[in-house]
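Morning, everyone. I have one chain to go through today, and I will take it in pieces. Please have a look at it first.

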Amino acid sequence: MKDTICAIATLVGDSSINVIRVSGDDSINIVNNIFDKNLLNKQSHTITYGFIYDKDEKIDEVLVSIFRSPKSFTTEDVVEINSHGGKICVNKIIELLLNNGCRLAEPGEFLKRAFLNGRIDLLEAEAVADMISSRTDSARKMSMKGISKELSNRINDLRSNILTLIANIEVNIDYPEYEDAIIITRELIKEKLVYIKDKIRELLDSSKNGILIKNGINISIVGKPNVGKSSILNELIGEDKAIVTDIKGTTRDIVEGSTILNGIEVIFFDTAGIRKTTEVVESIGIEKSIKKIKESDLILFVLDSSIEFDKEDKEVLDLIKDKNVLIVYNKTDIGNFKNTILNNYDYIEINTKEKDKIKILKDKIIEIFNLSDIEKSDYTYISNARQISLLKKCLEVIEDIDNEIKSEIPIDLIEINIKLLWETLGEITGQVYKDELLDEIFSKFCLGK
């Protein structure tokens, strides 16, 4: 990390401003070489107006911000050049920086330096990634909990409790004559671990909400042709996304649309009507529908209430019987047929002629996924697959410790797994890490982050 790096920190294209970020020991000197004002004595957190030069040629009119170490994004000296938007100006400035000693940053390298220099931990870094990709205000709020260290504080509290336990065990082993030390017994270890286990389970149980907020909910609208799937999609998302006709097989491909329910993005997939057909294009659409069914969190099985349940409906039901299914009796304005074969499924009755009927469907989705509770929550959730996996590993380690206590294993041997528990929690925040893991995490960011 001794070299000085540079990259574009904004989206390149037609815009009023682009930001070029430079970080490293020589960042101020390098930018000073191509700027018409002296930056060497500028105070930290100041902005200087001037021009970028290539020898005698003016390249661009810019604002240059100085952030001196350690009070910067990476804790190194950082310079940000605010140039005019557009590829030509930006590329020329990057070329000048490279010619003067910079190296082009790798994806996520600024953030990686911030982590390695102790400014942020891995939970915060991953929260930044989630913030960038947030599609709802709920996702933004959850990301902010990670960025503001609220999740990190919870993990660090658990590690602190475990470290105290380890320290007392060490004192008992190394200094048995020390009368003021707490005598650590197997019963006391078990008692201390109950608190740790409960807190980890709380985080894991609430992670389901975090995953919903982060990834949204995928819902497939399925049924045989002409039951009103496309009309339902259009009403749910409030726009004419899918073509609606009385001709069977109109929907040949999956039509996607989304809406926000109680702060959660809900993505609907209007699938091709499922039936046996020899028509090639329609068959491809049906195959895609079957694949999408497997990936969905909920299936809306749409039935035409104006006609009886038939063989084609049964064929669709056979495809979705092992999924989370809500029966949607549609066209209730012209009929009310039901079938006892569906008695074990939850259902609603709607039609697309009356606007309040679609609200019934939306409210049902909110109920199924408990979205009202999520909306009232404080958004301090674990939602990252890596973090969830490590928390599950912690529970496995605690179970191993419980078994060792039952088997009356000596405490100095039980301590090995207690240390493993402490280290595993440290992997969540990055206090314990492997270089390969860092490379994988930070490579997913853009160049300027």
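**Helix pairs and a few local details**

In α13, Arg-386, Gln-387, Leu-390, Leu-391, Lys-393, Cys-394, Val-397, Ile-398, Asp-400, Ile-401, Glu-404 and Ile-405 meet Ile-414, Asn-417, Ile-418, Leu-420, Leu-421, Thr-424, Leu-425, Glu-427 and Ile-428 of α14. Contact here means heavy atoms within 4.5 Å. Helices (H or I, at least four residues) and strands (E, at least two) are DSSP runs, numbered from the N terminus.

Before going on, the basis: this is a predicted model, where local features need pLDDT of at least 70, side-chain atom pairs count only at pLDDT 80 or more, and totals for chains, interfaces and linings use all residues. Residues are numbered from 1 along each chain as its sequence is written, and side-chain values use heavy atoms, with hydrogens and water left out.

Back to the pair. Helix α13 covers residues 385–406 and helix α14 residues 411–429; their axes come within 9 Å and cross at roughly 170 degrees. That makes α13 roughly antiparallel to α14. Axes are lines fitted to C-alpha atoms, for helices over the stretch in contact, and angles run from 0 to 180 degrees between N-to-C directions. Under 35 degrees counts as roughly parallel, over 145 as roughly antiparallel, 65 to 115 as roughly perpendicular and the rest as oblique. By class, the contact of α13 with α14 has 13 nonpolar, three polar and five charged residues. Nonpolar covers Ala, Val, Leu, Ile, Met, Phe, Trp, Tyr, Cys and Pro; charged is Asp, Glu, Lys and Arg; the others, Gly among them, are polar.

The cut-offs are under 20% relative accessible area for buried, over 50% for exposed, and partly exposed in between (1.4 Å probe, protein chains only). Not counting residues up to four places away in sequence, Ile-414 touches Arg-186, Ile-189, Ile-401, Glu-404, Ile-405 and Ile-409. Between the C-alpha atoms of Ile-414 and Lys-444, 30 residues apart along the chain, the separation is 38 Å.

Next pair. Helix α8 (residues 229–237) packs with helix α11 (residues 355–368) at an angle of about 85 degrees, the axes being 10 Å apart. That makes α8 roughly perpendicular to α11. From α8 the contact takes Ile-232, Glu-235 and Leu-236, and from α11 Lys-355, Ile-358, Leu-361 and Lys-362. By class, the contact of α8 with α11 has four nonpolar, no polar and three charged residues.

Helix α10, residues 311–320, has Asp-313, Val-316, Leu-317 and Ile-320 as its buried residues. They cover an arc of only 100 degrees around the axis, so they sit on the same side of α10; the arc is that of the directions from the helix axis to the C-beta atoms.

Now strand β4, residues 57–67, which holds Ser-65. Ser-65 counts as buried, at 7% relative accessibility. Leaving aside neighbours within four places in sequence, Ser-65 is in contact with Thr-46, Ile-47, Val-78, Val-79, Glu-80 and Asn-82.

Last, the backbone. Most residues other than glycine have a negative phi, and most peptide bonds are trans. The peptide bond from Ser-69 to Pro-70 is cis, with omega near 5 degrees, and Pro-70 lies in the loop between β4 and β5 (78–84). Lys-149 has a positive phi, near 75 degrees; Lys-149 is in the loop between α5 (137–147) and α6 (150–174). Asn-262 also has a positive phi, of about 50 degrees, and lies in the loop between β8 (255–261) and β9 (264–270).
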